[in-house]
Amino acid sequence: VRLRDLAERFGGQIRGDDTRAIDGVATLEHASASEVSFLSNPRYRAALANSSAGAILISDEDAGSIDSGGRTLWVGDNPYARFAHVAQFFATQHSLPPSAGIHPSAVVDGSAQVDAGVHIGPGAVIGAGAHVGAGSVVGAACIIGAGTRIGAGSLLHARVTIYPDCVVGARAILHSGVVIGADGFGFAREGVAWVKIPQTGRVVIGADVEIGANTTIDRGALDDTEIGDGVKLDNQIQIGHNCRIGAHTVIAGCTGIAGSTTIGARCMIGGAAMIIGHLSIADDTTVSVATVVSHSIIKPGVYTGFYPMAENAQWEKNAALVRHLDRLRERVRALEKLLPQQKGGA
Amino acid sequence: VRLRDLAERFGGQIRGDDTRAIDGVATLEHASASEVSFLSNPRYRAALANSSAGAILISDEDAGSIDSGGRTLWVGDNPYARFAHVAQFFATQHSLPPSAGIHPSAVVDGSAQVDAGVHIGPGAVIGAGAHVGAGSVVGAACIIGAGTRIGAGSLLHARVTIYPDCVVGARAILHSGVVIGADGFGFAREGVAWVKIPQTGRVVIGADVEIGANTTIDRGALDDTEIGDGVKLDNQIQIGHNCRIGAHTVIAGCTGIAGSTTIGARCMIGGAAMIIGHLSIADDTTVSVATVVSHSIIKPGVYTGFYPMAENAQWEKNAALVRHLDRLRERVRALEKLLPQQKGGA
Amino acid sequence: VRLRDLAERFGGQIRGDDTRAIDGVATLEHASASEVSFLSNPRYRAALANSSAGAILISDEDAGSIDSGGRTLWVGDNPYARFAHVAQFFATQHSLPPSAGIHPSAVVDGSAQVDAGVHIGPGAVIGAGAHVGAGSVVGAACIIGAGTRIGAGSLLHARVTIYPDCVVGARAILHSGVVIGADGFGFAREGVAWVKIPQTGRVVIGADVEIGANTTIDRGALDDTEIGDGVKLDNQIQIGHNCRIGAHTVIAGCTGIAGSTTIGARCMIGGAAMIIGHLSIADDTTVSVATVVSHSIIKPGVYTGFYPMAENAQWEKNAALVRHLDRLRERVRALEKLLPQQKGGA
C-alpha cells in the first residue's frame with residue numbers, strides 16, 4: 001500500500017515521499033523502510049533520530065520542533081490513535097479470521113442459536129438456549145453456559161468460560177482463562193459456619209469490551225453485575241458481584257474490586273489497585289497503581305496510596321517510625337507545651 | 001408457597017399477612033409482592049421504606065425500632081442467615097441439577113470409580129484410580145487427576161483442574177479455573193541456577209468448602225497442604241504449599257498466602273491481603289483488606305496495614321516525608337536536646 | 001538403594017551406617033529409617049533431635065556444631081541442593097512419565113510437527129505449523145496455538161494455553177491455567193473511546209523455565225516479551241507486554257509486572273510485588289513481598305516498601321498521622337523557628 005493511500009484512508013498529512021510502499025508497522029527502533037512507526041512520547045525522540053522507518057506518525061507540535069533528518073513524517077493530531085488504526089489495518093491483512101463452521105469435536109446443544117458466519121473451535125461447549133451472534137469466533141475449549149448470549153462480531157480466544165444466563169455485547173474480545181458469571185462471594189454467618197447466599201443475578205457486559213487473560217467477573221447476588229460499553233480490562237482482574245463499571249473505563253492488571261462497588265465512566269484504574277466494596281467512584285477518576293480505595297470518591301482527580309519503596313534498611317527504620325508515629329507526635333506535643341508561645345502561633 | 005409455610009420451615013414470626021404466596025427472593029429495591037427480602041444492615045432502612053416486598057426478614061431489634069408502613073415483617077434473629085436458607089430453597093426449585101450420566105465426549109479411565117447419580121460433562125477427564133462421590137456434578141472440561149478423590153454431593157463447575165492424588169471433601173463447590181494440586185514453589189539454589197524440589201505432598205480439602213474462580217492451591221512439598229471444613233475461598237486466591245487453613249475461615253479475593261503458613265479456624269481475611277510464609281495466625285483473627293501480614297499473630301483481633309489513599313499531590317508530599325521520616329525524628333531529637341527539661345519529662 | 005550409592009552419585013560424605021537402604025525423602029519430622037531428610041535452616045535443629053530419618057543431609061558447619069545423637073549424617077556443602085537432587089531421583093523412580101502417543105480425542109493439525117516420544121493428552125489442541133519437541137508431555141486440554149514451538153523434554157500439565165507464534169524453550173514445566181501470549185494491554189485514546197493496538201509481538205521463553213498455575217505472560221505489542229533461561233515463576237503472576245526477565249530470576253506468586261519493564265538476571269522478586277511499566281531493574285536485585293517498585297533500580301540490593309501491619313485501632317491512629325504528615329512537619333518547623341540556635345545546629 002502506498003503511503004498516500006494510507007493517509008487518504010486514515011487522515012493526516014505526509015511530509016516527504018508519499019509514494020513509498022508500506023507493508024506494516026513497527027517500533028522506531030526496528031522499523032524498516034516499508035514500515036510506519038510513531039512518536040507519541042517525547043522521551044523517544046532519540047529513537048526517532050536513529051530510525052529507518054518509512055514514515056513516522058507525529059503530532060503537529062512535535063513535527064514543528066524536531067529535526068526529522070529528512071525522514072518522511074506523517075503529521076496530524078493524536079498520532080498514537082492513528083497508529084492504532086494503521087496497525088489494525090495491517091493486522092487484518094496479515095491474519096485471516098478462522099473460517100466459519102463448527103468443529104466436529106465441539107458440543108453444541110440442539111437448542112442453542114448459532115448465527116451466520118460463526119466459528120466454533122475444537123472442544124467448545126455451547127449450552128442449551130445459548131446464542132452466539134453473527135460472525136463471532138468461539139475459540140477452542142470455550143464454554144458458553146445455557147442461556148448466555150454473545151453479541152455479533154465477538155472474538156473469544158481459547159478457553160473462555162461463561163456461566164449460564166450472562167450477556168456479552170457485540171465486538172467483545174475475551175482472552176483465555178476469563179471466567180464470567182461465577183458465583184459472587186456471599187455467605188451469611190450462622191454459628192461458626194457460613195450459609196451460602198445463592199447468586200442468581202447475571203453478568204451483563206456492553207459492546208466493545210475487551211477482557212484480559214484469567215480475569216474473573218462474578219455474577220450478581222440478586223441483581224446483575226454490569227460492565228459498560230467500551231470498558232477495557234487487563235489480565236487477572238477480579239470484579240465482585242453487583243459491581244457496575246461505567247463506559248470506557250480502563251482497568252490495569254491484578255486489580256481487585258470488591259462487591260457492590262460502582263465505578264464511573266472513563267475512569268483509569270492502575271494495576272494491582274484494590275477497591276473495597278459498596279463504594280462509588282466518580283466519572284473520570286484516576287486511581288494509581290497499588291492504591292487501596294477505602295472510601296468513595298466524589299470528586300474526579302488522581303488518587304494514590306502506596307508505600308514508597310526504599311532500600312530495606314532504610315525502609316525498616318522508617319516503618320518502625322510509622323508504626324509508632326503517635327509517639328513522635330507526643331514528643332512534638334510535649335515540646336509545644338514547653339514553648340507556650342507556640343500555641344499562640346499555631 | 002405461602003409465607004406461613006416458609007416460616008414454619010425456616011423459623012421466625014410473621015407480622016402481617018402470612019397467607020401471601022411467595023415465589024422467590026429479591027433486594028428491598030426490586031422485590032415484588034410475591035418475593036421475600038431482608039434488612040440486615042441499618043443503612044438500608046430507607047430502601048425498606050420504599051420496598052414492595054411481600055415480606056421482609058428483619059431482626060427483633062430492627063422490627064421494634066422501625067416504621068414498617070404496614071409491610072409484612074418476618075421477624076427473628078439472624079435475618080440474613082434465614083434469608084440465605086430461603087434463597088437456597090427457591091434456587092433449588094428454580095434450577096434442576098444436571099441429570100446423572102457421563103457425556104460421551106468425557107474421558108473416564110477404566111479404573112476410576114464413579115458413584116451413583118454422578119453427572120460428568122462434555123470433555124471432562126477422569127484419571128486412573130480417581131473417585132467421584134455419589135451425586136456429584138463434574139462440569140464440562142474438568143480434569144480430575146489420577147488417584148484424586150471427590151466427596152459426595154460436590155459441584156465442580158466447568159473447567160476445574162485437580163492434579164493427581166488430592167482429596168476434596170463432601171459437598172464442595174469449586175468454580176471454573178480453580179487449580180488444585182499444582183507444584184508448590186520450591187527450589188534450591190545451586191550456583192546461579194535453581195534446582196527443583198519435587199512436590200510430592202497432596203492437597204487435602206475438608207467438607208463443605210467453596211473455592212472461587214481461578215483460585216490456586218498448591219500441593220505440599222513433602223507433607224500436605226490442608227484446607228479445613230467449611231472454609232470459603234473467593235476468586236483468584238493463591239495458597240502456597242504446606243499451608244493449613246482452619247475450619248470455617250473465609251478469605252476474600254486476590255489474597256496470597258505464602259508457603260507453610262498456618263491460619264487458624266474462623267478467621268476472616270480481607271481481599272488482596274498478603275500473608276508471608278512460615279507464619280501462624282490465631283483462631284478468630286480478622287485481617288483487613290490489602291494488609292501484609294509479615295509476622296505471626298498470636299492474639300485474635302483485627303489487624304490492618306495499608307497505606308491511606310489521598311489525592312496524588314497530597315500523597316506525594318506525605319510519601320516523601322514517610323521516606324525520610326528518620327530525618328523528622330532527628331529534628332525532634334535536636335529540639336529536645338535544646339530543651340533539657342523535656343528529657344526529664346519523658 | 002544403599003546410602004553409600006546415593007553418596008557416590010550425589011556427593012557428600014556419610015557419617016554413620018552407609019549401608020542402610022533408602023527408598024525416599026521426607027521432612028525431619030516425618031522421615032522414617034529408610035528416608036533421607038535435611039537440615040538447611042538452623043531453626044529446625046530441634047526437629048533433628050527428634051527425627052527418625054535414616055540419614056540427614058547437613059552442612060559441614062552444622063555437622064560440627066550439633067549433637068547428632070548417633071544419627072547418620074550426610075555431610076557436605078549446600079545440603080538443600082543435594083536434597084533436591086536426591087528427591088528428584090526418587091520422584092523419578094516413583095512416577096513414570098505418561099507413555100508416548102496422541103490421545104484419540106486430541107486435535108492435532110496435519111501441519112503440526114510432533115517429535116518422537118511425545119505424549120499428547122485427551123482434548124489437547126495443536127495448531128497448524130506448531131512444533132512439539134522430542135519427549136515432551138502435553139497434558140489434557142492443552143492448547144498450542146498455530147506456529148508455536150515447544151522445546152524438547154517439556155512438561156505441560158493439563159490445561160495450559162499458548163497463543164500462536166510463541167516459543168517455549170527446552171525442559172519447560174508449565175502448570176495448569178497458564179496463559180502465554182494473550183494480547184498485551186495496549187490502547188490509544190480517541191475521544192472517550194479506546195482504540196486497540198494490535199499486539200503482534202511474540203512471547204519467547206528460554207530453557208529450563210517453570211511457570212506456576214494461572215500465571216499469564218502477554219505477547220509483545222510489536223517486539224517480543226522475553227523470559228530468560230532458568231527463570232522460575234510462581235502462581236498467578238502477570239507479566240505485561242514487552243517485559244524482559246533475565247536468566248535465573250525467581251518471582252513469587254501474585255506479582256504483577258507492567259509492560260515494557262526489564263528485570264535483570266538472578267533477581268528475587270517477592271510475592272505480591274507490583275512493578276510498574278517501562279522500568280529497569282539491575283541484576284541480582286531482591287524486591288521484598290508486596291513492594292511497589294515505582295522507579296528503576298540501578299544498584300543491586302534489597303528493596304522494600306509495604307505498610308507495617310498493626311492492630312486496627314493503632315493502624316487507624318497512625319494512618320491518620322501519615323495522611324497529614326505534612327502538618328506534623330509544620331509543627332516541627334514552627335518549633336525550630338522558636339529556637340533559632342536549632343537552625344545553626346542542623
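Four salt bridges turn up across the interface of chain C and chain A, a salt bridge being a side-chain nitrogen of Lys or Arg within 4 Å of a carboxyl oxygen of Asp or Glu. One to look at joins the side chains of A:E311 and C:K299, at 3.2 Å from N to O. Keep in mind that this is a predicted model, where local features need pLDDT of at least 70, side-chain atom pairs count only at pLDDT 80 or more, and totals for chains, interfaces and linings use all residues. Side-chain values use heavy atoms, with hydrogens and water left out, while residues are numbered from 1 along each chain as its sequence is written and chains are lettered from A in the order in which they are written.

**Extent of the interface**

- On the contact count (heavy atoms within 4.5 Å), 67 residues of chain C touch 69 residues of chain A.
- Chain C and chain A bury about 5800 Å² between them, with 66% of it on carbon and sulfur atoms; buried area here is the accessible area (1.4 Å probe) that two parts lose on being put together, summed over both.

**Polar contacts and what lines the chain C side**

- The rule also finds 30 residue pairs in polar contact across this interface, both residues at pLDDT 80 or more; that takes a pair of N or O atoms within 3.5 Å, where within protein one must be able to donate a hydrogen and the other to accept it, and residues adjacent in sequence count only if both atoms are side-chain atoms.
- Elements giving two or more residues to the side of chain C that touches chain A include strand 19 (179-182), strand 37 (302-304), helix 5 (312-323) and helix 6 (325-338); helices (H or I, at least four residues) and strands (E, at least two) are DSSP runs, numbered from the N terminus.
- Helix 6 of chain C gives the most to that side, with seven residues.

**Strand pairing across the chains**

- Strand 38 of chain A (residues 310-311) runs antiparallel to strand 37 of chain C, and two bridges join them; pairing requires that DSSP finds at least two bridges between the strands.
- Within this pairing, A:A310 stands opposite C:T304.

**Symmetry**

- Chain C superposes on chain A by a rotation of 120° with 0.0 Å of shift along its axis, at RMSD 0.0 Å, using least squares on the C-alpha atoms of residues with pLDDT of at least 70 in both.
- In chain C, the C-alpha nearest that axis belongs to C:Y307, 3.4 Å away.
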